[in-house]
Amino acid sequence: MLCQECGKRPATVHLTQIINGQKRELHLCEQCARARGELGIIGEPFTIPTLLSSIITDGGHTFPGAGQAAGLKCDRCGLTYAEFARTGMLGCRHCYQAFEDQLESVLRRLHGTTVHGGKVPSRTGEEARLKREINRLQEELAQVVIREEYEKAAQIRDRIRDLEKKLR
Amino acid sequence: MNLEEILYNSYSSWMDPSGPDSDVVLSSRVRLARNLEDVAFPSRMGDEGAQRVLRMVERAVEDLERDPQLGPVGMFRLDQLGNLDRQVLVEKHLISPNHAQQPRGRAVILRQDESLCIMVNEEDHLRIQSLTPGMQLDEAWRTAQAADDVLEGRLNYAFCQRRGYLTTCPTNVGTGLRGSVMVHLPGLTMVGQARQVFSALGKLGLAVRGLYGEGSEAHGNIFQISNQTSLGPSEEEILRNLKAVSAQVIAHERNARRALLSQTRLQLEDRVWRAYGILSHARVISSEEAIRLWSDVRLGVDLGIITDGISTEALNELLVATRPGFIQKVVGRELEPAGRDAERAALIRHRLRR
């Protein structure tokens with residue numbers, strides 16, 4: 001197939017546009033596509049950091065708060081949010097706290113969720129395990145209260161108290 | 001633990017053809033990303049940080065060494081290995097291309113049978129990987145998890161209750177887990193359905209890549225299917241999802257092969273035997289041509305078109321044996337592409353001799 005624009009070179013760029021519900025297909029060669037500005041991404045390598053960076057910056061449209069966020073900085077490793085947005089890489093574990101609010105939305109876009117539900121380190125993860133068990137029991141407690149099983153609720157409440165004591 | 005033995009041997013334990021679903025699945029891999037609490041992530045740790053990580057990990061590796069199930073292992077600093085040696089490690093899927101290209105301050109920990117391999121100071125301080133033959137994600141997870149537990153016995157990981165294991169790239173945070181299944185899909189490619197299947201996988205949160213990971217092309221109809229998200233569900237749930245979807249892909253591939261056999265048997269046989277003819281007689285062959293023909297021959301063996309003389313094991317071994325780094329390692333010197341192509345043809349002829 002030849003390019004619809006110049007009619008000379010083979011069409012290597014195939015675009016489907018939907019404008020006001022009308023579907024339109026375009027078959028262009030690279031030069032013409034570039035000239036028409038249809039090739040925003042060609043020329044830039046299609047890599048995970050560039051993909052990620054577009055998620056972090058919302059495809060070039062800054063999301064609420066991004067203006068202020070760009071100036072944020074991790075005081076441990078010195079990484080700025082702007083650098084993170086460019087490379088997609090965090091500098092140290094403290095960055096997760098320094099950029100916590102921004103990461104909340106980044107993680108939601110990437111993973112669909114923001115809270116870990118998997119393995120906990122066996123030696124140092126006791127606290128995380130306890131907290132997770134307390135959360136689980138609190139959900140269970142809410143359920144039995146709805147069902148008006150008060151005796152069971154009392155038992156669960158006592159278990160939660162025991163675990164909370166261990167946490168301290 | 002002998003590194004030279006690994007570098008000169010094109011066979012790795014994941015090539016064992018007795019693994020489940022080995023007509024479609026070459027290998028299964030589980031990778032865990034971990035970072036140490038006290039050092040900045042590799043992108044910002046500097047030389048001094050890198051040396052600190054290496055020293056701490058060296059001590060923890062002594063525990064791996066003593067573990068009856070996991071040991072013996074060896075730890076090797078990448079800047080002490082030659083270019084070619086590092087390239088062979090990439091070709092054997094033991095380290096990433098990125099790890100090989102920037103050897104300074106980096107290391108690899110290997111078990112002799114190559115089923116366990118840990119990259120030190122790649123994108124994260126630790127990338128614990130386990131590789132198994134055929135469809136055995138659970139087995140790979142057990143090994144990686146056991147190594148993780150042993151290392152954690154001595155190392156303090158960067159972990160937070162809310163976000164889980166903290167990683168350099170937020171795409172890996174949470175479990176730090178990536179499961180991947182390496183599949184050979186000549187049937188789906190021939191019937192023109194591969195792209196359709198892959199776009200469906202994308203909608204299910206899974207990614208499809210070529211043989212050598214991110215950004216690589218799918219040579220020889222070999223693809224890697226892996227999970228894209230690592231945060232939220234448990235490791236077991238992530239792997240269960242990956243297994244369920246892979247099972248569908250395997251079923252589609254087998255259907256495609258059956259359809260090809262029943263509708264175009266003669267053409268398929270012709271294609272397989274031509275590929276075998278060239279592979280077993282060529283005098284000069286590029287790695288691209290070799291892997292393309294490899295795919296046809298492997299399909300022929302799996303479908304019973306080629307019934308005698310070629311073992312699946314030997315074919316799997318060719319995946320590594322025909323790579324440029326390995327050929328030069330065996331010949332014992334660096335070769336121009338033309339020289340490699342001749343050596344490659346000779347090596348394949350020798351190995352396919354019936």
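User: In what order do the eight strands of the open sheet in chain B lie?
Analyst: In this predicted model, chain B holds an open sheet of eight strands whose pairing is antiparallel. Its edges are formed by strand 2 (73-77) and strand 9 (206-209) of chain B, each of which pairs on one side only. From one strand to the next the twist averages 20°. The strand order is 2-3-4-5-1-8-10-9.

User: Over how many bridges do strand 1 and strand 5 of chain B pair?
Analyst: Strand 1 covers residues 25-34 of chain B and strand 5 covers residues 126-133 of chain B. Within strand 5 of chain B, B:Ile128 stands opposite B:Leu32. The two strands pair in the antiparallel sense, and the number of bridges is eight.

User: What angle does helix 8 of chain B make with strand 8 of chain B?
Analyst: Helix 8 (residues 235-263) of chain B packs on the sheet. The strands touched by this helix are strand 1, strand 8 (177-184), strand 9 and strand 10 (222-227) of chain B. Between the direction of helix 8 and that of strand 8 of chain B, the angle is about 10°.

User: Is helix 9 of chain B roughly parallel or roughly perpendicular to helix 13 of chain B?
Analyst: Helix 9 (residues 265-281) and helix 13 (residues 337-352) of chain B pack with their axes 7 Å apart, at an angle of about 115°. Angles of 65 to 115 degrees count as roughly perpendicular. Therefore helix 9 of chain B is, relative to helix 13 of chain B, roughly perpendicular.

User: How many nonpolar residues are in the contact of helix 9 with helix 13 of chain B?
Analyst: Helix 9 of chain B contributes B:Tyr276, B:Leu279, B:Ser280 and B:His281, while helix 13 of chain B contributes B:Ile348, B:Arg349 and B:Leu352. By class, this contact has two polar and one charged residues, and the number of nonpolar residues is four.

User: Which residues of chain B lose the most area to chain A?
Analyst: The contact takes 40 residues from chain B and 35 residues from chain A. About 3200 Å² is buried between the two chains, and carbon and sulfur atoms give 56% of this area. Together accounting for 22% of what the chain B side buries, the residues that lose the most are B:Arg44, B:Gln161 and B:Arg163.

User: Where in chain A is confidence highest?
Analyst: Chain A has a mean pLDDT of 78, with 71% of its residues at 70 or more. Over residues 38-46 of chain A the pLDDT is below 50, and residues 60-65 of chain A also have pLDDT below 50. Confidence is lowest in strand 1 (residues 13-19) of chain A, at a mean of 61, whereas the highest, at 96, belongs to helix 5 (residues 95-98) of chain A.

Key. Residues are numbered from 1 along each chain as its sequence is written. Chains are lettered from A and ligands numbered from 1 in the order in which they are written. This is a predicted model: local features need pLDDT of at least 70, side-chain atom pairs count only at pLDDT 80 or more; totals for chains, interfaces and linings use all residues. Side-chain values use heavy atoms; hydrogens and water are left out. Axes are lines fitted to C-alpha atoms, for helices over the stretch in contact, and angles run from 0 to 180 degrees between N-to-C directions. Helices (H or I, at least four residues) and strands (E, at least two) are DSSP runs, numbered from the N terminus. Angles under 35 degrees count as roughly parallel, over 145 as roughly antiparallel, 65 to 115 as roughly perpendicular and the rest as oblique. Contact means heavy atoms within 4.5 Å. Ala, Val, Leu, Ile, Met, Phe, Trp, Tyr, Cys and Pro count as nonpolar, Asp, Glu, Lys and Arg as charged, and the others, Gly among them, as polar. Two strands pair if DSSP finds at least two bridges between them. pLDDT is the predictor's confidence in each residue, from 0 to 100. Buried area is the accessible area (1.4 Å probe) that two parts lose on being put together, summed over both.
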